[in-house]
Amino acid sequence: MEGRAYLEKLIADSLRTDRGQGLNLYELSGIAIGLVAAGKLDQAEADQLVADLKATLVSTGRLHVRTVGASAAGEIVVGRAEGESRPDWRSAMENPPPPFLRKVIALDGREHRIADRTLTLVSLEVWSTFVLLRVAFPGPADRREQTRWRGWDDVGTQYRGGGGTSSGARGWIFEQVTLHPAPTDEARLLTLAVEQDEDQVRLPIRLR
C-alpha cells in the first residue's frame with residue numbers, strides 16, 4: 001500500500017474508534033512526517049491529508065482551532081486553517097460500522113516475568129478497529145494489580161490502551177486488554193509493552 005492510502009486508512013480506522021474521541025492528531029501528523037522522510041508520501045499530500053483531518057475534526061466539534069496565541073485545553077494552534085471536511089471521515093465517526101473479527105493468533109502460553117508474578121500469553125484477536133489481548137496470571141481471584149499497556153508496530157502505528165476486564169478462577173487471573181486502532185495489512189510485527197510498579201516487559205507478536 002502506498003503512503004497516501006496507508007495514511008488515509010489509518011486515519012479512518014482511528015476515527016472509527018470511540019467516534020474519534022481517542023484520536024491523537026499529533027501522533028498522526030508524526031506518522032505523516034515519517035512517511036515523507038521515508039519517501040513513501042509527497043510533502044504536499046501529507047500537508048493536505050493533515051489539513052483535511054483538522055477540517056473534519058473542526059466540522060464535527062472534536063477540535064477547536066485558533067490561528068494565534070497560546071494553546072488551551074482541547075485546542076491546537078495552527079498558523080492557518082486549510083483543508084476540507086471529508087464526508088467519508090465524518091461518516092467513520094458518526095456512523096461507524098460494527099467491528100468484525102479478522103483473525104485470532106494463538107500465543108501458546110508464552111511466559112514473561114513482570115514484577116513478582118509470571119504473565120502467560122494466551123491469544124491476540126485482531127478485529128477491524130482494535131486488537132484484544134488475552135493473558136493470564138497465577139494468583140487468587142481477588143488479587144488485582146494495575147497493569148498499563150501500550151504498543152507499536154513495524155510500520156509506525158501507535159496503539160493505545162482502551163481498558164480491559166479481568167476475572168479469576170481456580171488459581172488464575174484472566175485479563176483481557178483492548179488496544180486501538182487495528183493494525184494495517186502491512187504490519188508484520190506488533191510489540192506490546194506492559195508496565196507494573198517499576199517493571200516493564202516488551203512482548204513481540206508476529207502478525208503475519
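Reader: Is Thr-157 buried or exposed?
Author: This is a predicted model, in which local features need pLDDT of at least 70 and side-chain atom pairs count only at pLDDT 80 or more, while totals for chains, interfaces and linings use all residues. Residues are numbered from 1 along each chain as its sequence is written, and side-chain values use heavy atoms, leaving out hydrogens and water. By relative accessible area, under 20% is buried, over 50% is exposed and in between is partly exposed (1.4 Å probe, protein chains only). Thr-157 has a value of 1%, so this residue is buried.

Reader: Which side chain makes a polar contact with the side chain of Thr-157?
Author: Such a contact is a pair of N or O atoms within 3.5 Å; within protein, one must be able to donate a hydrogen and the other to accept it, and residues adjacent in sequence count only if both atoms are side-chain atoms. Here the distance is 2.9 Å, and the partner is Tyr-6.

Reader: How many residues are in the second, separate core, which includes Tyr-6?
Author: A nonpolar core is a set of buried Ala, Val, Leu, Ile, Met, Phe, Trp, Tyr and Cys residues joined through side-chain atoms within 4.5 Å. The largest one has 24 residues, with Leu-133 among those with the most contacts inside it. The second core, which also includes Ile-31, Ala-46 and Leu-49, has a count of 21.

Reader: What percentage of the residues in the chain is buried?
Author: In soluble globular proteins, nonpolar side chains tend to be buried together. The chain has 208 residues, and the buried share is 41%.
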